[in-house]
Amino acid sequence: PVAFLALHRYPHLRRWCGPLGLLITVASIAASAFVSSVAGLIATQGVLYALGCGLLFSPISMYMDEWFVERKGMAYGVMWAGKSAVGVAMPFVFSALLQRFGLRATLLSWAVASAVLTSPTLVFLKPRVPLPRTYQARPLSFGFVRHAPFWMMQIGIIIQSLGYLMPSTYLASYASAIGLSSVTGPMLLALFSLASVPGAVIHGI
């Protein structure tokens, strides 16, 4: 919310959010390879990673509103389906890297891959209509907080969000805990992501 408010008020900052967000994201992944405590993981893969991804995603979301009007929902669905499509292969890749090279090398390779694969897409992170030289932001209204439908939807989103990542977070460790083979965890995660590809598109439509 803070990023959206700031970028609404100062839209000329949007073009810097993508590179800065990617830099923080990659740095957080690389830094997490050298920590050995839960607090270090929370700081790197929790706080810093969330900050970087938030900065990267905020202008994307704003530009989606400009580029897509009639089929905005479908555009969002395709975007989230792309995330899930990557998730089909990554469990097997991570499992192989962890077994062969260990945790530190896996995290560092993830950081490098994130930088290499994401950097070229920043070229396309731009508004449909260029900002004028003098820009006057429209005043923000928080009148929606007085309406019950907003709070009904917000509470529903919060409850759904609390449970959304639980299955993918614990599937692999649960499969290991009940004695299934080492390939079962990545396979379950891959199937979970595979089902999310058409699910995200249909949900968006």
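**Pocket lining, ring pairs and one exposed histidine**

Author: By class, the residues lining the second largest pocket comprise eight nonpolar, four polar and no charged residues. The model is predicted, so local features need pLDDT of at least 70 and side-chain atom pairs pLDDT 80 or more, whereas totals for chains, interfaces and linings use all residues. Residues are numbered from 1 along each chain as its sequence is written, and side-chain values use heavy atoms, without hydrogens and water.

Reader: Which residues line the second largest pocket?

Author: The lining consists of P1, A3, F4, Q45, G46, Y49, A50, C53, G54, F57, S58 and W110. The elements giving two or more residues to this lining are α1 (2–9) and α3 (38–67), and α3 gives the most, with eight residues. A pocket here is an open set of points on a 1 Å grid where a 1.4 Å probe fits, with protein on both sides within 12 Å along at least five of seven lines, and lining residues have an atom within 4 Å of a point.

Reader: What makes the pair of F144 and F150 edge-to-face?

Author: Rings pair if their centres lie within 6.5 Å, with planes under 30 degrees apart counting as stacked, over 60 as edge-to-face and the rest as tilted. By this rule there are six aromatic pairs. In the pair of F144 and F150 the ring centres are 4.9 Å apart and the planes stand at 65°, so the pair is edge-to-face. F150 also forms an edge-to-face aromatic pair with W151, at 4.9 Å centre to centre and 75° between the planes, and F142, F144, F150 and W151 form one aromatic cluster.

Reader: How do you know whether H203 is buried or exposed?

Author: H203 has a relative accessible area of 71%, so H203 is exposed. H203 lies in helix α8 (residues 184–204), where a helix is a DSSP run of H or I with at least four residues, numbered from the N terminus. H203 and G179 are 24 residues apart in sequence and 35 Å apart in space, C-alpha to C-alpha.

How values were computed
Ala, Val, Leu, Ile, Met, Phe, Trp, Tyr, Cys and Pro count as nonpolar, Asp, Glu, Lys and Arg as charged, and the others, Gly among them, as polar. Buried means under 20% relative accessible area, exposed over 50%, partly exposed in between (1.4 Å probe, protein chains only).
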